[in-house]
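The following exercises concern one protein chain. Please work through each task before reading its solution.

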Amino acid sequence: MSDSFTRTEIFAATIKLSVLAAFTFVTLKYILGQLDPNSDPESGYKNARKKAKAILERLGLANDKHLKSLNQHELMIAKGLIDPQDITTSWDHIAGLDNVLRELRETVILPIQKKELFADSNLSRAPKGVLLYGPPGCGKTMIAKAIAKEAGCNFINLDMSCLTDKWYGESQKLAAAVFTLAVKLQPCIVFIDEIDSFLRSRTSFDHEATAMIKAQFMSFWDGLTTDPSCTVIIMGTTNRPQDLDRAILRRMPATFHIDMPNTAQRHQILDIILKTEPVASDVNLRRLGEITEGFSGSDLRELCRSASVYRLKDYVSSTQKEKVNSSNESEDEFHDALRPITMEDLSAAYLKLRNSKDFCGAEYARQEVTWNRM
């Protein structure tokens, strides 16, 4: 009797321990899942797969036999795919860089579009890397978008945050997935904005994980694991080419300097920006191009935007004392009420922006002197 009772107690204890172990396992798994940043529906694997599938379907690639076997790392990278048809920037939006655009057409776009013509020539193929460097705001990113649209090839806008993972070894797999996915999508352009933030010069102070990501990236770029005949181009932009690793510069033989626009180029940029805007007859774009020395393309756009705001302020001030029924006022009537942009508006916007640029430049110079003294 006592033996039977003992066996029953042991069996019951075993059941209790099993239930407790199962409950503990489920609880710990739930807690770890909540702590895992990848479990967030906005950044998780399921959401990445959903986004990637939607993009691939739009591109007509969802049924491709190679793409059906995409792993989770390639799907994470595929979130950055962009349909060339969705890119609104074209060559017509870029002014003053005719020589650069012509060279880009000949060295990058033509070998992609006419690949069969250069199949027998190793020297005439598209370069593996293209670097656009120069001061900020001079149109480097716009050129990259225009190239993707003009070439009509697949375009991956690589987000550097996609290459970082808390688990050891996952970042290297993501770096490799960039190239394995691009090969499946070829011809393909992988675009890295501000590439110096990711592939800067390696030092002995680099973190182990960062060094391994860079090594994996360069290994797949033009190493033995990459097919030399595939049409995959890494395109990067930077304001600080001196910070790039020498091994990266070697892998980007096609380099293009996008410098600050000169007087004639500024005139062309202003003409393109104001082409679709109502402009008064007294506006002298040639004179405006002469006085805006040191302005980048983005500065000129901001100048025109600020000038356009002045006419809106005049409209508001002229109607603030009147009772306006906005529900009965059509959009056409609102636009007709706005006066054209005048030279006075552009001059006021120029002085405002010039004062801001002078202050920022002087403040930067003062800080630089202070840093040198420290």
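Buried means under 20% relative accessible area, exposed over 50%, and partly exposed in between, with a 1.4 Å probe and protein chains only. The model is predicted: local features need pLDDT of at least 70, side-chain atom pairs count only at pLDDT 80 or more, and totals for chains, interfaces and linings use all residues. Residues are numbered from 1 along each chain as its sequence is written, and side-chain values use heavy atoms, with hydrogens and water left out.

**Exercise 1.** Describe the protein chain as a whole.

Solution. Step one concerns secondary structure: the protein chain has 13 helices and 6 strands. Helices (H or I, at least four residues) and strands (E, at least two) are DSSP runs, numbered from the N terminus. Step two concerns burial: of the 374 residues, 38% are buried. Step three concerns contacts, meaning heavy atoms within 4.5 Å. Where the partners are at least 6 apart in sequence, 80% of contacts join residues at least 24 apart.

**Exercise 2.** Determine how helices H6 and H7 are arranged.

Solution. Two packed helices are described by the angle between their axes and the distance between the axes. Axes are lines fitted to C-alpha atoms, for helices over the stretch in contact, and angles run from 0 to 180 degrees between N-to-C directions. The axes of H6 (residues 170–185) and H7 (residues 208–222) come within 9 Å and cross at roughly 20 degrees. Angles under 35 degrees count as roughly parallel, over 145 as roughly antiparallel, 65 to 115 as roughly perpendicular and the rest as oblique. H6 and H7 are therefore roughly parallel to each other. Residues making the contact include Ala175 and Phe179 of H6 and Ile213 and Phe217 of H7.

**Exercise 3.** Is Ser171 buried or exposed, and which residues does Ser171 touch?

Solution. First, Ser171 is placed in helix H6. Second, its relative accessible area is 7%, so Ser171 is buried. Third, leaving aside residues up to four places away in sequence, Ser171 touches Leu163, Thr164, Asp165 and Ile213. Finally, the C-alpha atoms of Ser171 and Met212 are 8.5 Å apart in space, although the two residues are 41 residues apart in sequence.

**Exercise 4.** Examine the backbone at Pro187 and Glu194.

Solution. Gln186 and Pro187 are joined by a cis peptide bond, with omega about 0 degrees. Pro187 lies in the loop between H6 and strand E4 (188–192). Glu194, in the loop between E4 and H7, is not a glycine, yet has a positive phi of about 50 degrees. With a relative accessible area of 32%, Glu194 is partly exposed.
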